[in-house]
Amino acid sequence: MGQIGFEDCDTPLNTRLSARYKRSFAYPSFKDRIPVILTKVIDHLVRDKESIIAHFGEKAREEVKNVIGYVSQLKNELMTDKPLTELSSLGSDHELWNRILSDKTKEHSRPPTWFQTEWLYAECYLYRRLHEAFLQTEAIKHLDPFHWQKTKALENSLVQAEILAQHVNKIVSNNADSSETEQLFYEFLKISLWGNKCDLSLSGGTEICLQENPLNQVLKYDSFILADDSQCVLKHLADSPKGTIDFVLDNAGYEVFTDLCLAEFLLSKFDEHKVLFRTKAFPWYVSDVIAKDIHYILNTLKEKKGELAECANRWQSLFDSGKFQIVENQFWTTPCVYADMEEVDPKLYGELKESKLIIFKGDLNYRKLDSDINWPPTTPFSQCLKGFHPAPLVSLRTLKCDTIGGLQPGKAEQAASQSESWMVTGDFAVIQFDSS
Ligand SMILES: O=P(O)(O)OC[C@H]1O[C@](O)(CO)[C@@H](O)[C@@H]1O
């Protein structure tokens, strides 16, 4: 790869993240981490070819070969920093992608390349291209190349999930007074927050999961929460009329298990009307939740029996009665930042306006909330949202890339003195609320 256009520095302040800045997290991400993710997809298709054919039929034999070729080519394009090419007309969203690509080309008078353009666009484009490899097939159109990793991660977190299940089962069947409810609210919010540590994209597909009791972890890690607006969230929930909670999900496996716990707690103790789980429409960032993952988790837990099955059966009834709903939307798999949502998808923006509280999980949602800009860390959170205020919202995010706003003076420096890589390891977190 030529080194023209690269700069040996961090992303400049007030600029969108890009892999052209060699000291930013985007650069090693594209150089090392994403190629590993693609290699794992190829390995899976090679290794599990026969079982894929057994499942999807003989037609899949040729198609698996074609997808392997497509993904190998995609990896090569990335690693040699080729210009991004237009998407084919498969998929109802291709016009939006190609329009943005052509706008970027107009800005720079040549098509953007993987490393030289904005990281957010290029990284989302990668997952959309991977999706295209499957859209071109017939038999394996709906194959999720990350499913095996997600299921393995879920299996490996069942010990922690069972501890939580026991806790939730007890709480929903008991009456709590208001001060207990308050304490439990903070606990469930933080359990869901730290659940975001378990993502397979940051680790290149290697499982990062909690090795400890999640209830102990909540107390122990409070000092790693760099901004904590949980009291404002509680006040908002308690003072406003009952309504709909929108939960913009992130990762499958243990994280979504913690999200379901929080959602049930909000229904049972705050008596909210319903929770809408907003999911991606196709496999995304390795472990992001698609609707199928929620059905899978419910079925798996039901089979485990005991506390896990008790939880899953209750959640199933909530889905059956419409108190829990899964809502897919293409917008979440576009490269658009949320400040552009009102213009790009006014219908979705209108739906979110009806929300009592929107909960955004995880790092990528945060990047889209704050327009993926390297803000001075003390920039008010509300300012980072750049006009995205459909309804009161909270971000529950463990930090996995180098953008952050809304910190008190001195906080960023304090975290940096504890760990040089504080922004990218998932060890630090924020709970940030906006009601403007
Ligand atoms: O699952 P999350 O929390 O959105 O994290 C996704 C990961 O992808 C990234 O957006 C970059 O690949 C990181 O910022 C983060 O590591």
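**Helix packing and domains in a predicted model**

Me: Is the crossing left-handed or right-handed?
Reply: Left-handed, as α8 passes α11.

Me: Which residues make the contact?
Reply: On α8, they are Thr181, Leu184, Phe188, Leu189, Ile191, Ser192 and Gly195. On α11, they are Tyr254, Glu255, Thr258, Asp259, Cys261, Leu262, Phe265 and Lys269.

Me: And how do they split by class?
Reply: The contact of α8 with α11 has eight nonpolar residues, four polar and three charged.

Me: Now α10. Where do the axes of α8 and α10 run?
Reply: Helix α8 covers residues 178-195 and helix α10 covers residues 230-239. Their axes come within 11 Å and cross at roughly 120°. α8 and α10 are therefore oblique to each other.

Me: Left-handed or right-handed this time?
Reply: α8 passes α10 in a right-handed crossing.

Me: Which residues are in that contact?
Reply: α8 gives Glu182, Phe185, Tyr186 and Leu189. α10 gives Ser230, Val233 and Leu234. Of these contact residues, five are nonpolar, one is polar and one is charged. Note Leu189 of α8: it is in the contact with α10, and it is in the contact with α11 too.

Me: Let's zoom out. What domains is the protein chain divided into?
Reply: Domain 1 spans 15-136 and domain 2 spans 146-434. Their C-alpha centres lie 27 Å apart.

Me: How many residues of each are in contact?
Reply: 22 residues of domain 1 are in contact with 20 residues of domain 2.

Me: Which elements of domain 1 give two or more residues to that side?
Reply: They are α1 (26-47), α4 (94-108) and α5 (119-135). The largest share, eight residues, comes from α5.

Me: What classes are on that side of domain 1?
Reply: 12 nonpolar, five polar and five charged residues.

Me: Last topic, confidence. What is the mean pLDDT of the protein chain?
Reply: It is 95, and 96% of the residues reach 70 or more. The model scores ipTM 0.96 and pTM 0.96.

Me: What about places where pLDDT is low?
Reply: There, the predicted coordinates should not be read in detail.

Technical notes
Residues are numbered from 1 along each chain as its sequence is written. This is a predicted model: local features need pLDDT of at least 70, side-chain atom pairs count only at pLDDT 80 or more; totals for chains, interfaces and linings use all residues. Axes are lines fitted to C-alpha atoms, for helices over the stretch in contact, and angles run from 0 to 180 degrees between N-to-C directions. Helices (H or I, at least four residues) and strands (E, at least two) are DSSP runs, numbered from the N terminus. Angles under 35 degrees count as roughly parallel, over 145 as roughly antiparallel, 65 to 115 as roughly perpendicular and the rest as oblique. A crossing is left-handed if the near helix is turned anticlockwise from the far one by less than a right angle, and right-handed if clockwise. Two residues are in contact if their C-beta atoms, placed from the backbone, lie within 7 Å. Ala, Val, Leu, Ile, Met, Phe, Trp, Tyr, Cys and Pro count as nonpolar, Asp, Glu, Lys and Arg as charged, and the others, Gly among them, as polar. pLDDT is the predictor's confidence in each residue, from 0 to 100. Domain bounds come from an automatic or database domain assignment.
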